[in-house]
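The sequence and model are shown first.

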Amino acid sequence: MAVDKFLNSSGTATSEGKNFFRGWYRRTFELKPEECSARRILLNFDAIGYEGTVFVNGRKIGVAHGEFVPTRFDITDAVQPGRNTLAVRVLTDFRPIGQKEFKVGHTYGAAWSPRHIKGGIWQPVTLRIEPEIRFENIRIATHVSDGEIEIQCEVENHTGEVQTRVISAFITDAAAPSANAENTRHTIGTFRLNPGITPIRSVFRLNKPPKLWEIRNPALYFLTLICSESGRSGRDAGAVGSAAVTRFGFREFTTENMHFKLNGKPVYLFGENLSSSSFGGNRPEAEDRWQLRNEIIQRLAAGCVILRTAHMPAIRMATEIADELGMMIYDEWSFCFSVGTMDEPRFEAANLDELKRFLLRDFNAPSVVMWSLGNEVRHRTDPAALRQLRKQSALVRSIDFQKRPIVSFSGNANLDNFGREKIDGDVLDLHTYHGIENSAWTRFQEHMNYNYQLAAAIYGDGQNLKMPQIAWEAVGYSWGWLRDPEFRPGNLEQYLEYAKYDFNWGNPHGIGFAAATGLYMVIDPNRGPRYVLDRQCGRLFELFRQEPRWQGFASWCAPIDLPQRTRWNQEIYVLLRTGERGLPPHNLFRGVSTELQLYLSNNSSEPLSGATLFLTLALPDGTERPIGRYPIPKVAATEHYIAQVRLTIPKDVPAPGAGQLRLSCRNAAGGEISRNYANINLEDPAILDAPVATSVKIGVLRPSPKNTALLEILKRWRIPFQIVTAENIPSDVKTVILPPGENGRYAEEPLQRFVQAGGVLLVLEQNAGSNVPLMPGAQYAAEPNSLADLVLPEHPVFSGMSQENFDLWSGAPEGDVVKVMISPISENVVAAKPPFLVRQTVGSAIAEAAIGDGVLLASQLNACGNYQTEPAAARYLRNLFSYVGNRPLRNDIRPLPRNEQEYRVGKTEPVSLAAYANRSFEDEVAEDRKGGWFDQGRNDFRVMPTGKVVAAGVRLKSSTQRRITADPV
């Protein structure tokens with residue numbers, strides 16, 4: 001029965017401050033007299049957003065509620081032969097985001113905005129005419145090991161009398177070429193059916209071994225239940241009183257310790273998110289079907305094996321198509337986000353009823369292998385949300401005798417964010433936009449170790465977990481995109497406009513996404529989201545593949561056709577890495593032996609034997625050279641192999657230049673079973689010893705006795721220099737270098753006079769917590785990142801280099817290009833440390849300022865200690881010393897902002913606040929009211945430097961105690 005939709009995803013309902021929309025549907029339908037005799041007339045709504053009051057012929061039948069689940073009404077007593085009138089009054093309420101006085105009484109799903117909330121009758125409506133004895137709620141579980149099937153259902157008897165009936169089951173193939181071929185017929189038994197509902201349960205073995213429902217190879221069956229008159233059974237039974245058919249597949253999906261198993265074999269969850277709100281009610285049903293089928297086919301082809309229906313149940317069509325194509329479904333309920341003030345009795349009554357209908361709707365879908373009972377529910381400060389989450393888990397346990405794994409909600413492993421209270425479940429799911437949230441993507445291990453240890457303390461034995469972990473939102477970038485065709489690299493004003501923009505999570509404005517790839521790559525219309533997503537997914541998912549504690553991952557709705565998707569979704573994954581941190585080689589010296597690790601992860605269901613890794617180097621001219629061959633011993637399923645290898649790039653390849661390391665893993669028969677690559681920059685090791693020509697005399701401020709690294713570099717590159725003091729700089733010295741880590745040891749006033757008189761002061765790599773020489777109001781802040789964003793890429797210090805050379809220094813111990821930045825960013829920036837989405841600190845990695853007749857150049861790139869192992873650091877340092885060691889310098893160096901040049905500290909009087917301190921920088925436990933400024937656990941101020949510091953030009957002495965035990969106020 002077709003019904004026109006009056007409202008769907010409308011934002012107009014909130015245009016006048018309203019948070020609801022009310023409307024009516026009316027239509028008529030005809031019934032023949034025989035259809036009304038000894039029959040039940042059933043009216044089914046697949047979904048109404050959100051509430052529908054149903055009237056038939058003016059008689060109120062009932063109220064349907066549940067935006068995502070079916071509702072059925074028995075309207076037998078209200079219909080009549082001939083013409084009937086159906087009317088539905090629909091109330092759609094739009095979750096009023098930010099209106100705290102609104103009390104929430106049900107779930108909303110993906111309620112990012114009103115347009116994501118479905119409205120009205122947005123799924124099919126059907127009218128069914130059925131016998132007075134009929135089947136309801138047929139549920140099936142299969143036992144793969146012994147070929148058994150378990151059936152549970154109810155038989156409804158509306159005759160008003162006791163009836164005796166034979167109930168039989170038939171199992172037939174559901175797919176061509178053997179469609180409807182019988183596998184098994186089974187008489188469940190003879191039952192005395194009292195008026196009302198009779199539960200039925202039967203377990204029996206199939207006559208023929210069943211074909212299994214598997215990924216990309218799904219075998220499907222029909223179960224037909226027949227209720228016939230007593231006395232005979234099977235196909236020879238008496239008159240069939242009623243029958244019901246449902247489709248299913250033989251499969252079992254379980255967890256075992258840290259792993260998932262499909263039909264008893266290990267399976268790794270290469271996943272993605274399906275945007276459930278995009279389907280149903282927006283376009284004709286045929287278009288939905290085509291788009292869903294096309295999307296699932298493409299994701300399967302790219303190596304994806306499971307889709308999460310974020311953040312609400314998808315339309316039933318989605319699981320039907322997944323059943324047929326062999327795609328697993330991680331089925332998500334609509335309890336999402338912080339729901340606001342909850343009307344708990346009303347919420348519980350509606351939610352548990354709707355959740356039950358959701359479970360029954362999808363129960364027999366073989367594609368549905370795991371339940372997610374919500375998304376990012378913040379129960380940390382909401383006891384009602386915690387109680388409801390626990391009741392949801394209990395309900396699923398009571399209904400699902402398939403015993404599919406439960407995730408209490410997707411994101412439940414974000415224990416600091418959403419809450420540390422334990423909730424019944426089988427899997428932990430982490431949402432982490434690592435690399436754009438708080439820290440560099442190269443800090444993956446620290447980030448994951450912290451989350452694992454926290455989870456083990458709550459869900460494990462304190463040290464280890466005995467349940468699988470997945471990360472179902474592991475890469476962001478899929479929202480808030482900005483393309484700027486007017487932006488040009490090297491335009492300082494444009495960069496500063498972005499850097500000073502007041503961005504937020506929902507509106508990154510380009511700069512919020514810049515920490516991992518640089519601003520230009522983010523906003524460049526020719527690259528933009530697809531390029532950045534592909535780059536970051538490739539990096540982060542390669543790190544996940546090296547972490548055995550993780551058994552699945554997904555990006556947040558990344559495009560299907562990302563070039564690297566098939567790479568990270570390989571069951572057997574092979575790579576070269578620079579060490580235990582798992583970072584790929586990036587900048588390499590040619591002709592020099594480099595120690596790397598060969599890593600192979602076998603996430604297939606079978607052991608790997610007799611494999612060999614072949615390594616080649618591809619060059620820009622199209623040539624490809626073999627450079628290594630490594631035999632690989634037997635690797636069991638779910639296990640990994642690590643070996644130390646030495647790699648030497650041939651001496652005769654062009655350098656500086658680019659290349660690609662290509663890895664091909666082949667089995668004993670020579671067939672390729674895995675491939676990978678690493679894009680590299682090549683450098684000539686001669687730069688480590690070749691002299692750097694300088695034309696002016698250079699002085700080095702006397703370093704502390706053990707700080708000799710800079711002096712050794714200058715000697716190695718045969719750069720003439722002399723040791724000087726700030727107070728006694730010879731008149732013929734034109735450039736003075738302040739060595740790394742020595743800030744605060746030298747008087748600033750003589751250095752100020754030296755620069756104002758025309759000298760150049762190069763300040764190298766100072767520690768956090770001190771002020772920047774000659775830059776009032778600027779200070780050094782610990783902000784490590786694997787990228788320095790070249791604001792002025794044509795600056796001489798970047799000669800012969802590009803942005804790629806400053807994105808990941810894998811030759812440095814942690815991959816950092818910058819460890820300490822200059823804050824705040826100013827118009828003197830040469831290279832920036834971009835901000836993260838949450839940790840919104842942006843500063844200078846290199847700054848250059850004209851002061852009087854001279855120049856201050858401050859470089860915070862992590863170069864001096866790593867130049868021997870990181871080729872990009874070596875070339876940068878050579879450029880840097882060449883620049884300050886010769887004249888002329890650039891002619892367009894910006895002066896310090898005027899207020900900074902004129903600002904001077906006069907008389908100061910210390911004021912002690914120690915007696916009033918009642919919060920420490922560190923906080924170990926969130927929400928315990930015992931420490932930390934915000935009581936948020938590890939998301940605290942432990943990065944704050946202690947001791948003597950300068951903040952915004954003000955001298956402070958901070959307690960060396962990171963913990964204060966005073967009672968909280």
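## Basis and overall picture

Contact here means heavy atoms within 4.5 Å. Among contacts in the chain between residues at least 6 apart in sequence, 72% join residues at least 24 apart. The model is predicted: local features need pLDDT of at least 70, side-chain atom pairs count only at pLDDT 80 or more, and totals for chains, interfaces and linings use all residues. Residues are numbered from 1 along each chain as its sequence is written, and side-chain values use heavy atoms, with hydrogens and water left out.

The chain has 969 residues, of which 57% count as buried (under 20% relative accessible area; exposed is over 50%, partly exposed in between, with a 1.4 Å probe and protein chains only). The C-alpha trace spans about 115 × 70 × 55 Å along its principal axes. There are 14 helices and 49 strands; these are DSSP runs numbered from the N terminus, with helices (H or I) of at least four residues and strands (E) of at least two.

## Helices H1 and H2

Helix H1 (residues 285-301) packs on helix H2 (residues 316-325) at an angle of about 40°, and their axes are 10 Å apart. That makes H1 oblique to H2. Angles under 35 degrees count as roughly parallel, over 145 as roughly antiparallel, 65 to 115 as roughly perpendicular and the rest as oblique. Axes are lines fitted to C-alpha atoms, for helices over the stretch in contact, and angles run from 0 to 180 degrees between N-to-C directions.

On the H1 side the contact includes Leu292, Ile296, Ile297 and Leu300, and on the H2 side it includes Met317, Ile321 and Leu325. By class, the contact of H1 with H2 has nine nonpolar, no polar and six charged residues. Ala, Val, Leu, Ile, Met, Phe, Trp, Tyr, Cys and Pro count as nonpolar, Asp, Glu, Lys and Arg as charged, and the others, Gly among them, as polar.

## Helices H3 and H4

H3 and helix H4 (residues 383-399) pack at about 30°, with axes 10 Å apart. That makes H3 roughly parallel to H4. Residues of H3 in the contact include Phe347, Leu352, Leu355 and Leu359, and those of H4 include Arg387, Lys391, Leu395 and Ile399. The contact of H3 with H4 divides into nine nonpolar, three polar and five charged residues.

## Helix H6

Helix H6 (residues 444-459) has 16 residues and reaches 22 Å from its first C-alpha to its last, close to the 22 Å expected at 1.5 Å a residue. The expected span is 1.5 Å times one less than the number of residues.

Among the buried residues of H6 are Phe444, Met448, Tyr452 and Ile458. The buried residues of H6 pack against helix H5 (415-418), strand E27 (428-431), strand E28 (469-473) and helix H9 (528-545).

## Two buried loop residues

Ser367 lies in the loop between helix H3 (344-362) and strand E25 (368-372). Ser367 is buried, at 0% relative accessible area. Not counting residues up to four places away in sequence, Ser367 touches residues including Trp213, Thr319, Asp323 and Met327.

Leu220 sits in the loop between strand E15 (217-218) and strand E16 (221-229). Leu220 is also buried, at 8%. Leaving aside neighbours within four places in sequence, the contacts of Leu220 include Trp213, Phe248, Asp323 and Pro366. Gly119 is 101 residues from Leu220 in sequence and 34 Å away in space, C-alpha to C-alpha.
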